[in-house]
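Biologist: Hi, I'm new to this one. Could you walk me through it?

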Amino acid sequence: MSTADAPLPAPLRAEILVLAAQELHPRGAAVAALRLVQARFGWVSTGHLCEVADLLGMSADDLDGVATYFNLLFRRPVGRHVIMLCDSVSCWIMGCEPLCDHLCRTLGIQPGETTADNAITVLPTVCIGHCDHAPAMLVDTTLHGDVDTVCLDHLIDTLRDTP
Amino acid sequence: MTLLSDRPLTAMIDPAAGPPDCAAYGRAGGWQAARRALGGLAPADIIDMVTRSKLRGRGGAGFSTGQKWSFVPKDPASERRKYLIANADEMEPGTFKDRLLLEGNPLQLVEGMILAAYGVQAGHGIVFLRGEYHLACTRLHHAIGEARQQGWLGENILGSGFSFDIHVHSSAGRYICGEETALLTALEGRRATPRSKPPFPQTGGLWGAPSVVNNVETLCNLPHIIANGPEWFAGLGLGEDGGTKIYGASGRVTKPGAWELPIGTPLRQIIEEHAGGMLPGYRLRALLPGGASTAFLDATSLDVAMDYGSVEKAGSRLGTGMAIILDDRTCPIGMIRNLEHFFAQESCGWCTPCRDGLPWVERLLTAIEDGTGQAEDMDHLARHARMLGAPGRTFCAHAPGAMAPLASGLKLFAADFTDHIRHGRCPLPAAHGGMNTRQGAPS
Amino acid sequence: MTRIHIDGKECPTRTGINLLQACLEAGANLPYFCWHPELGSVGACRQCAIKQFTGPDDTKGRIVMACMTPVGEDTIVSVDDTEARDFRASVIEWMMVNHPHDCPVCEEGGECHLQDMTVMTGHNTRRYRFTKRTHRNQDLGPFVKHEMNRCIACYRCVRFYRDYAGGDDLAAFASHDHVYFGRAADGTLENAFSGNLVEICPTGVFTDRPFSATYTRKWDMRGAPSVCVHCAVGCNTIVNARGETVRRVLNRYNTDINRYVLCDRGRFGHGFVNAPTRIRTPLCATDGQQVPVPVADALARFARMAADGRIVGIASPRAALETCFSLHALAGPQHFSTGQTRQEQSCAELAHALLGRHPGRLPTIHDMESADAVLVLGEDVYATAPRLGLALRQSVRQPSFHTADEARVPRWMDAAVRTLGAECPSALHVLTPAPTALDDVAADSVRAAPDDIARLGFAIAHEIDPAAPPVADLAPDDTRLVTRIARTLVAARTPVVVSGMQYGSPALMQAAASIAAALARATPSAGLSLVLPECNTMGLAMMGGLPLETVMEQARAGAISALVVVENDLTRHLSPADVADLVAAVPDIVVIDHTVTPLCQHASLVLPSAAFSECTGTFISHEGRAQRSFQAVFPPAPIQAGWRWIQALGQSAEPAAPHMTELTGWRDLDDVLAALAAAFPHLAPAARAAPDAQYRMDGQKLRSQTYRASGRTVIRSFVSVRDQPPPASADTPFSSSMEGAYGPDMPAALVSGYQASPWNSVQALNRFQHEIGGDMRGGASGIRLFPSAGPDDAGRPYAYATDIPTAYVARADTMLVLPDTRLFGSEELSMSSPPVMARATAPTLGLPAGMVRSDRMTLHLEDGPHILPVESVPGLPAGIALCPAHMVARAFRFPRMARLERMPDAGEGP
Ligand SMILES: Cc1cc2nc3c(=O)[nH]c(=O)nc-3n(C[C@H](O)[C@H](O)[C@H](O)COP(=O)(O)O)c2cc1C
Ligand code: SF4
Ligand code: FES
């Protein structure tokens, strides 16, 4: 994975320009472009934000106003893997709080933090539409349902081992 | 034949097999409606059929779909930029029906969008998809690609002279994006605050152009209405409303899930038959019938028919039709606190009562739950429920939605509130329903 | 007109407005935050809730936001309704959830809209018992301070800054109760109108940074109605002063000009009056040294000079009319110079003449906001007349208003109108040599040399009226452009053509006048506006006088024994060689000025004049509007108004020349103006720019301090604690203290601040207007000297200018050097104001992108070579270089042909 300090790679810039061209106005591609950057680097650094703003003909301030508005756009670095544990109502009823405590205790971090080895970030998230299998969570892009402490422990081990 | 099934929306959905491809979709009766519409129906015919089908929006507000479309200026798609947008934001806690439709049969949505777009003569289609729906995103992209390849999307579809294509916008997470005007703002690459109406989206929507926003489930009904006729569709419903509805249940029921049933199916049937009743050892205390922003109903309301009018009469809203069940061992105050935390956090921050009122509500509830509540906190909660609950006081329906469970909960669980404050703690043996671990629930 | 019923009272009101406006105009105290008369309604704060009833039988009613609800025939509302009151009290309570109770240390204190509204709603007990969220503040540069914790999230700042002023470096961040208004990172706010945030923000989030350094509560400052001296637009201001220092400048509403908004040069340029460069005592040159002398000695010195022979007076386009006129009276009409070069003066006189014979309309700045097509011909208005530029920026919204009208959406529904108008085309065309801050909203922004722009202009005039002379040899592209612009202008109902003196090109102004005249044949409201450089350039153009070149000739011929130069730094107009010649040829130079300029070092006598804030005087704006600026500060003697010094000189001259007799008898400003009216009948109405010194309200003078003013003896305690009689000004109807009359009905020209209990913030202005956003209750401030409709020579064909320049041909060896006029850095007075100095960036040489071949280049101007860093200017036509006016060569005259030489890059061999 390239680092977030380096300028955006040329193909990514090109891809963003294509996205922008598909919109009636380039700014329509703002979220899509930021998501692309995040998919590549894990988060959106200020340098990258400025570059994207430039490509879309927006000011950095304008684009950052959009970026900071959304829950899923990370303006701070995250670990290699992001566990988003649902904390909304159905999962709460089904016990997401003790699960979150367990997860954080095991990892030695608070919700919102990243483990020292940079492997895992834990973020509480709003309902992810898996309420029939509550408690649910999203690990990177994969949905997990009926989560319990056993499968959490197993998951942590797997994630630590995968890049 | 499959399409005349009484479960038209889910007939082709087979979680084990994955979504049908274009050919399978056609074999099972797909594309009939699109062929029929583009082959000879006038746009006005489509609007008329949908109006007669008694289809009401499945996004929560329940507005007549045909009527909504009738406000769109009638110019042909080739002459004026217009948008048809599928609202696939689905962030209402407890709701997962659109995800099932998107993952299970994305082509059905594509065909529904073609029909809607043809009806309102929109040349540009957008699926506003919730960012967390990764699988749906992949499948939708695949389906759209396939449809495009087969000539169902693009220039001059089936030689009809009508051109239409669909673009998927993956959002980046915020409940308010589901509100149709905030959704438009989000599509413009802006902070997704709602917009004032007028202009209504139908006349001045995305980039100022006429736009229609419909829920995924609403749109998925269209192929069946056009293929089988509005009367057939209207007849599917048990009461006033037409068609089927995807109902669901989550919480401590035996078989949480979602089921397509005739609209107007009694709540009791949904919970007792389809969801298999409560888990052993739990009793139903109350429920939110249609997502987090609907008012609590208690066990006495179980015989209500789940259609728009009846649920409203019972004191709540049909909403998304996805019920959240509160059992007797879960603290209702904890549950309301959890809901208000969600609403406070998802407030867009535009209007004062919602932005600064909801966090106050959340803190009051937290205090009460933690045992540091004070007697006058009840007045504050009631005041907020009153001040934020009535429409027109906040800029959009987010805050009134947030107050629905609070206002109803204050009445229904009055004793629980008093107990918490008086004893300075949660009187339930295992404080917070959430402390109970899952006990042998099937998945 | 229609009527509505407010709490059972029948109130006549206007149609087309919203209920908030209607209630306020009816005198109701209805609180609001997010609404602003210039920004319209968005319904964000929910503070203006009232009860609306569907009819006389409706007893329940429903809560609506007054600002979002249009007035209808017989609308029935209640402001007093308990439910509405409760809700409004709750809204304030929610805002106070996170608002720090830091009023004692907040610089908004005492004039805070939030304080007013809090008291108004009756919220006075704190019930929220949890922690408040806190924010970090940002450094936003030298003008504006940031204290985000005070934010109530009304969104006014970003709506003003982004939507209204077109800025893009301030934004809203995050969401829910974490919303944050600021920049992505610390840094200076770049927009030319950033200072308005201070007044737009209803709390103390954005406050005036320079004011902060010498902060004083609103009620402890004297206020005086004033007029901005930093360009020719003549925005109205309020100067606040305490003791002998000016503390700040605020916007003063003038329906026709600046309305609610001032540019940053106007708001922060006043620092020169407190600067160390101020001249405070008379200085006499003895043995090459300038030494302070008593007034009597200085005058005696002048008497000797006057006895020696002929005195010539040099006035200044930045001096008040009265000062210029008194010099005219001292020196006599034959020996009076306007203090400008022939080119400057002839351009200014041409502007006067063109405006005088324009057959259409002379639009006010406010009129320009509603122009439905605008052509800017060769003037970077954002730099030379910023407030005018901002008005033109608003004009591009006209098509969206028409769309909104069709959709039956009221024009004040701000966000809705912006949504509907998202794709509306702009009808603003900008033809300039260099990029301008209007380009982003222009339909066309075309770059060409001034002569070529003039040619395009003449061609447009010809396209509109074939009787106007044709232009030969236009390129096909240009012909298409000409047709396109002509079509837009012809189709418009209220088109406006703007040009000006920036490039020193009479052809540009003539072309603009021709277009406007051609349009006026079919569109009588077709407007012409010409931008002039300084606050009284028009006044001098209307007085006339000798250009500096003639003075030079007379000096060289030995015909001048003494020059009296008033408030004019000749080194900005004359080359160093000319200045040297003048100094050598004239035995004595008397400089009367408030600020040390390079000219002072050549003076045998320097006399300290009062700055605009320390005396009363009249200025004539670019559109021929005479406006009075009143004294706010009583400076320590011997500082006095320029005309009083000139009068003193006249009195000291023995024997007085016959033409001086009048001068010596003047007692006050009204006498000066009376004499001016006799000498220059066409300037006579200037006397009526504001009420005279005899004006009384309720039989009293007007107070210039609030009833709460405190500490008169304290202010001077470092001198003496003994109470002094308050100073008095003979020139104005103001008392210098809190004694006197004041009220919302007072003449607009005399409004020294806004306060109408319970409104203590600038929002109290609402109480001073007939209609919100309309005329002031007390009538207009200032007086137009030109009729606003064209001359009545109906039928007579317009005499189109015929001297069309030839196309500019770029040459290999020399460049056409044009002024790069800057918002901060070009204007003389504001460059002595520390915050403005801090915003001025270092001079660079602007070149067309293709010409940039090294980092630095040498520009050979008449005063010698200048080595400058080079900057590429996108779109700049070939053969043109941009050089910041007055920053490189002090007396930068333009256009100039100059040689350019490449400098070796760093590290490169020679
Ligand atoms: C706060 C809020 C959130 C909403 N979220 C959604 C959503 O996620 N999906 C949806 O279809 N409608 C949502 N809606 C309703 C939409 O505003 C809109 O009514 C709906 O998309 C219209 O589609 P329909 O007519 O097909 O129901 C939401 C409304 C509000 C006020
Ligand atoms: S009620 Fe107001 S703050 Fe809340 S989501 Fe709607 S517009 Fe935003
Ligand atoms: S002033 Fe009416 S909602 Fe803000």
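Modeller: Let's go through chain C, then a helix and a ligand site in chain B.

Biologist: What should I know before we start?

Modeller: This is a predicted model: local features need pLDDT of at least 70, side-chain atom pairs count only at pLDDT 80 or more, and totals for chains, interfaces and linings use all residues. Residues are numbered from 1 along each chain as its sequence is written, chains are lettered from A and ligands numbered from 1 in the order written, and side-chain values use heavy atoms, leaving out hydrogens and water.

Biologist: How many helices and strands does chain C have?

Modeller: Chain C has 26 helices and 33 strands, taken as DSSP runs numbered from the N terminus (helices H or I, at least four residues; strands E, at least two). With a radius of gyration of 28 Å, close to the 29 Å from the globule rule for 910 residues, chain C is as compact as a globular protein of that length. That radius is taken over C-alpha atoms, and the rule is 2.2 Å times the number of residues to the power 0.38.

Biologist: And how much of chain C is buried?

Modeller: 66% of its 910 residues, where buried means under 20% relative accessible area, with a 1.4 Å probe and protein chains only.

Biologist: Is T341(C) buried or exposed?

Modeller: Buried, at a relative accessible area of 2%. T341(C) sits in the loop between β16 (336-337) and α10 (342-357) of chain C. Beyond its neighbours within four places in sequence, T341(C) is in contact with P547(C), L548(C), E549(C), H573(C) and R893(C); contact means heavy atoms within 4.5 Å.

Biologist: Switching to chain B, what does α7(B) pack against?

Modeller: Its buried residues pack against α1 (22-27), α5 (97-104), α6 (106-120), β2 (124-129) and β3 (165-170) of chain B. Among those buried residues are L140(B), I144(B) and A147(B).

Biologist: What span should that helix have?

Modeller: The 16 residues of α7 (residues 134-149) of chain B should span 22 Å, and the end C-alpha atoms are 23 Å apart, which agrees. The expected span is 1.5 Å times one less than the number of residues. Just after α7(B), G151(B) takes a positive phi of about 85°.

Biologist: Which residues are closest to ligand 2?

Modeller: C348(B), C351(B), C354(B), C396(B) and H398(B), out of 13 that surround ligand 2; a residue counts if one of its heavy atoms lies within 4 Å.

Notes:
Buried means under 20% relative accessible area, exposed over 50%, partly exposed in between (1.4 Å probe, protein chains only).
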